[in-house]
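Q: I would like a close look at one part of this model. Please keep the answer connected and plain.

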Amino acid sequence: MNTNPYRLAGWSALLAALTSLFSVVTFVIGMQVGWDKVGLPNDIASVILIAQYFPIFLGLDRMTRASSPALGRILLLVGCLSAAMVAFVQIIFIARIIDFPATIVPTWGGGIVIGLVFIGFNGLAFRNRSFPAALTILGMIAYAGIVVSGVGSLIEQGHPLTWIGGSFGSLTIVWLIWAGWLWLKKAA
């Protein structure tokens, strides 16, 4: 079994890109016509997406460790803890242990933290040139969109910031594909 963290991060990033694309489509449908048809698939997709963040965070930590090992480890820990919390809340929501209002603060708040972690990792990658500058700038913009979208969703469902941030946040799909391709190339 190959345990190369870049290979694992690369495949996880590509799977996360596909899952993100599916989530964006179901989110837009859900916001426009209601969640009765797309709610469960969207919720399951969000758990799959969050699960992919763990190897992605490990890949980012490995890449940026040389420039700032302490900050990288903090980002890794905060990212993994936030992802675990969001996944747990989504799973207990899918199992109907809690209702939707109970998910809002932990999932969107956790999403904001995850977005900030990605911004931090992209900043470190920019500083030590472990990714192309254009990719790290794209990552910072895309994940800033995720943060803004999360803030909008915490204010109220359908808030304009949700749509504005989500528009920029959809660039995470491009970031994930590009980063995944570079990691797989590096692992080869």
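Predicted model: local features only at pLDDT ≥ 70, side-chain atom pairs only at ≥ 80, totals over all residues.

In which hand of crossing, left-handed or right-handed, does helix 3 pass helix 4?

A: Helix 3 passes helix 4 in a left-handed crossing. The two helices pack at an angle of about 155°, and their axes lie 9 Å apart. Angles over 145 degrees count as roughly antiparallel, so helix 3 is roughly antiparallel to helix 4. Helix 4 covers residues 101-128. The contact of helix 3 with helix 4 holds 15 nonpolar residues, nine polar and no charged.

Now to the salt bridges. The count comes to two. In one of them, the side chain of Arg-73 meets that of Asp-61, at 3.1 Å from N to O. This pair links distant parts of the chain: Arg-73 sits in helix 3 (residues 69-94), Asp-61 in helix 2 (residues 39-64), and 12 residues separate them. Arg-65 also forms a salt bridge with Asp-61. Here the closest N and O atoms are 2.9 Å apart. Through shared partners, Asp-61, Arg-65 and Arg-73 join into one network.

How exposed are these residues? Asp-61 is buried, with a relative accessible area of 1%. Arg-65 is partly exposed, at a relative accessible area of 31%. Arg-73 is partly exposed too, at 43%. The cut-off explains the labels: buried means under 20% relative accessible area, and exposed means over 50%. Asp-61 at 1% therefore counts as buried.

Notes: Residues numbered from 1 in each chain as written. Heavy atoms only, no water. Salt bridge = Lys/Arg side-chain N within 4 Å of Asp/Glu carboxyl O. Buried < 20%, exposed > 50% of the residue type's maximum accessible area, 1.4 Å probe, protein only. Helix = DSSP H or I, 4+ residues; strand = E, 2+ residues; numbered from the N terminus. Axes fitted to C-alpha atoms, helices over the stretch in contact; angles between N-to-C directions. Parallel < 35°, antiparallel > 145°, perpendicular 65-115°, else oblique. Left-handed = near helix turned anticlockwise from the far one by under 90°. Nonpolar A, V, L, I, M, F, W, Y, C, P; charged D, E, K, R; others polar.
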